[in-house]
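Hi,

Here is the structure I promised to pass on. Have a look at it first, and then read my notes below.

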Amino acid sequence: MKSPAATAKGLAALVTKEPRRDGISAVLTGGTVVSIYTNNQYESRDLDFISSADRARISAAMSRIGFRPHGRSFVHEECPYTVEFPTGPLALGERQPVKAAGRLQVGSTVVQLLSPTQCVMDRLAWFFHNNDRQCLDQAVAVAESQRVSMNIIRDWAKDEGAEEKFEIFLNFLKKK
Amino acid sequence: MLDSLFGNKTSERVLLYLQNYGEGYPTEIARNFGIAQSQVQKQLTRLEQGGIVASQLSGRMRNYRLNPRWPYLKQLSSLLEKALLSLPRDETMSYYRRRTRPRRPGKKL
């Protein structure tokens, strides 16, 4: 079967569109959102969609676009990307459930995804709670490339008990 | 950069590692920098005797972190953080950007 999409954006649109026919909604999250907001400065080959639909329904929709289950992922022989549907709800650190505030128009499809501010919070959560500095760099890159609300992020960081690490984030951002 | 202050290069690297990753086993710290584990262990023992780092047994391994009860921890962390911020990019990428967030089981690498 031919490659369903050559870009992450294109695939995100396809994976949004096809399950939507069955009434399944899904929110794009994780590293691909970073790729989109940083113009591929950080490339991710995994598309993570949060959906409350059960796996059998998702699997049926994915098979229509040529993706087969491979462990917890969905893969396509001609596509460099893998797609996953991690268990929800959508969360930003300790905060949940979260309503995704981002929208990306790809052709006639509107992809639901984290907003730039939420994307920064999503990446910072890994830095705050797992000391993952790859994600710190990604948060900095998104904050540099997009308009984000630093007040919202600061308040959230405070709720996460991570005010010192938020300052580290600000210092890396200033360095750029 | 801070090796004169901390006594030697290994000591500096050990402290930067613990600030960066939050914790570490001597084997993984040594592997991270490509240096002998005995060198790392020597510095960790010295720093623990001085109360600067603290350790905890985890199975048969000892896991180290900056001592949360050391009175100058905040100042030390701040200094180490400034040093991390000032490192050349290639050094940062080589030693201080290992993935530490979990990977879902069965995920293709």
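Let me start with two helices: α2(B) and α4(B) are roughly perpendicular to each other (that label covers angles of 65 to 115 degrees; under 35 is roughly parallel, over 145 roughly antiparallel, and the rest oblique). They pack at an angle of about 75°, with their axes 9 Å apart, and α4(B) spans residues 37-49. Axes are lines fitted to C-alpha atoms, for helices over the stretch in contact, and angles run from 0 to 180 degrees between N-to-C directions.

From α2(B) the contact takes B:T10, B:S11 and B:V14, and from α4(B) it takes B:Q39, B:V40, B:Q43, B:L44 and B:L47. Contact here is C-beta atoms, placed from the backbone, within 7 Å. By class that gives 4 nonpolar, 4 polar and no charged residues (Ala, Val, Leu, Ile, Met, Phe, Trp, Tyr, Cys and Pro are nonpolar, Asp, Glu, Lys and Arg charged, and the others, Gly among them, polar).

A note on the source: this is a predicted model, where local features need pLDDT of at least 70, side-chain atom pairs count only at pLDDT 80 or more, and totals for chains, interfaces and linings use all residues. Residues are numbered from 1 along each chain as its sequence is written, while chains are lettered from A and ligands numbered from 1 in the order in which they are written.

Now the interface: 14 residues of chain B are in contact with 15 residues of chain A. On the chain B side, α2 (9-21) and α5 (73-86) each give two or more residues (helices are DSSP runs of H or I, at least four residues, and strands runs of E, at least two, numbered from the N terminus). That side has 3 nonpolar, 4 polar and 7 charged residues.

Cheers

How values were computed:
Contact = placed C-beta atoms within 7 Å.
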